[in-house]
Amino acid sequence: MELERKWRLLNIPPTGLLRGEPQRLTQAYLPIDAGEHRIRTDGTTYWETWKSDGTIARTETEQTISAQEYSDLLTPDLPIVTKDRYTFLDGGFTWLIDICSGALEGLVLVELEPAETGTAAEDVERVAAELNAILFPTWLGQGIEVTADARYKTKNLARYGIPPLKGAA
């Protein structure tokens, strides 16, 4: 089970916050009617992932695949996202800051995920409630929550680009 909230940052995070080397991720989205089918690499490891539809909670199945399997699945027509990911652990939660490049240059997304979810329904409900209670940290700058906005699903960003801010002209 994947639980997460997502924000669009309106700025690049403050200098000094992004310490260490980011993980450079390239991910491509395979055609699927419902949910999400993705392949991803950091240049060393390769993954294939399936996710159900949903907002805060959805099922996720991920497996490591070989470079050859990745190459076989990657076709020139697939929508691709490239990003530098910075990871911070804070109070039992993981903050992921993704600075996008390529077609999504300028887009910065922040995801919040629990370090552990558990599998029992009561664990998922408890962790989801804790996740919902967390306020966006001011040390990251100004962010707009986009958890429930389907335009900010990474598969949709890959296909359609950066959406305009709601209310923006």
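The legends below describe several close-up views of a predicted model.

Local features are described where pLDDT is at least 70, side-chain atom pairs count only at pLDDT 80 or more, and totals for chains, interfaces and linings use all residues. Residues are numbered from 1 along each chain as its sequence is written, and side-chain values use heavy atoms, with hydrogens and water left out.

**View 1. The chain and its helices and strands.**
The chain has 3 helices and 11 strands, where helices (H or I, at least four residues) and strands (E, at least two) are DSSP runs numbered from the N terminus. Followed along the sequence, these elements come in the pattern β-β-β-β-β-β-β-α-β-β-β-α-β-α. Of the 169 residues in the chain, 45% are buried; here buried means under 20% relative accessible area, exposed means over 50%, and partly exposed lies in between, with a 1.4 Å probe and protein chains only.

**View 2. The salt bridge between Arg5 and Glu145.**
Side chains of opposite charge can pair when their charged atoms come close. A salt bridge is counted when a side-chain nitrogen of Lys or Arg is within 4 Å of a carboxyl oxygen of Asp or Glu, and by this rule the count comes to 10 salt bridges. In one of them, Arg5 pairs with Glu145, and the closest N and O atoms are 2.8 Å apart. Arg5 belongs to strand E2 (residues 5–9) and Glu145 to strand E11 (residues 143–145), so this pair ties together parts that are 140 residues apart in sequence. Arg5 is buried, at 6% relative accessible area, whereas Glu145 is partly exposed, at 38%.

**View 3. The salt bridge between Asp84 and Arg24.**
The closest N and O atoms of Asp84 and Arg24 are 2.5 Å apart, and the two residues form a salt bridge. This pair links distant parts of the chain, with Asp84 in strand E8 (residues 80–90) and Arg24 in strand E3 (residues 23–30), 60 residues apart. Asp84 has a relative accessible area of 18% and counts as buried, while Arg24, at 44%, counts as partly exposed.

**View 4. Asp98, Arg85 and a network of salt bridges.**
Asp98 forms a salt bridge with Arg85, and their closest N and O atoms are 2.7 Å apart. Because Asp98 lies in strand E9 (residues 93–101) and Arg85 in strand E8, the pair ties together parts that are 13 residues apart in sequence. Asp98 is buried, with 1% relative accessible area, and Arg85 is also buried, at 9%. Through salt bridges that share partners, Lys6, Lys83, Arg85, Asp98 and Glu111 are joined into one network.

**View 5. Arg40 and Gln27, joined by a polar contact.**
Arg40 lies in strand E4 (residues 36–41), and Gln27 is found in strand E3. The side chains of Arg40 and Gln27 make a polar contact at 2.7 Å; such a contact is a pair of N or O atoms within 3.5 Å, and within protein one atom must be able to donate a hydrogen and the other to accept it, while residues adjacent in sequence count only if both atoms are side-chain atoms. Gln27 is buried, with a relative accessible area of 0%. Arg40 is buried too, yet has no salt bridge, and the nearest side chain of opposite charge, that of Glu62, is 4.8 Å away; for charge, Lys and Arg count as positive and Asp and Glu as negative, with His and the chain ends not counted.

The largest pocket has a volume of about 300 Å³. On a 1 Å grid over the protein atoms alone, a pocket is an open set of points with protein on both sides within 12 Å along at least five of seven lines, a cavity is a set where a 1.4 Å probe fits but cannot get out, and lining residues have an atom within 4 Å of a point. Grid points are joined across faces, edges and corners, and a volume is the space filled by probe spheres set on the points. The pocket is lined by 21 residues, of which Arg38, Arg40, Lys51, Arg85 and Glu113 lie nearest its centre. The elements that give two or more residues to this lining are E3, E4, strand E5 (46–51), strand E7 (60–65), E8 and strand E10 (108–114). The lining residues divide into 3 nonpolar, 3 polar and 15 charged, where Ala, Val, Leu, Ile, Met, Phe, Trp, Tyr, Cys and Pro count as nonpolar, Asp, Glu, Lys and Arg as charged, and the others, Gly among them, as polar.

**View 6. The cavity.**
A search of the whole structure finds 1 cavity of 30 Å³ or more, and the largest cavity has a volume of about 50 Å³. Its lining consists of Glu4, Lys6, Thr55, Val146, Thr147, Asp149, Tyr152 and Lys153, which divide into 2 nonpolar, 2 polar and 4 charged residues.
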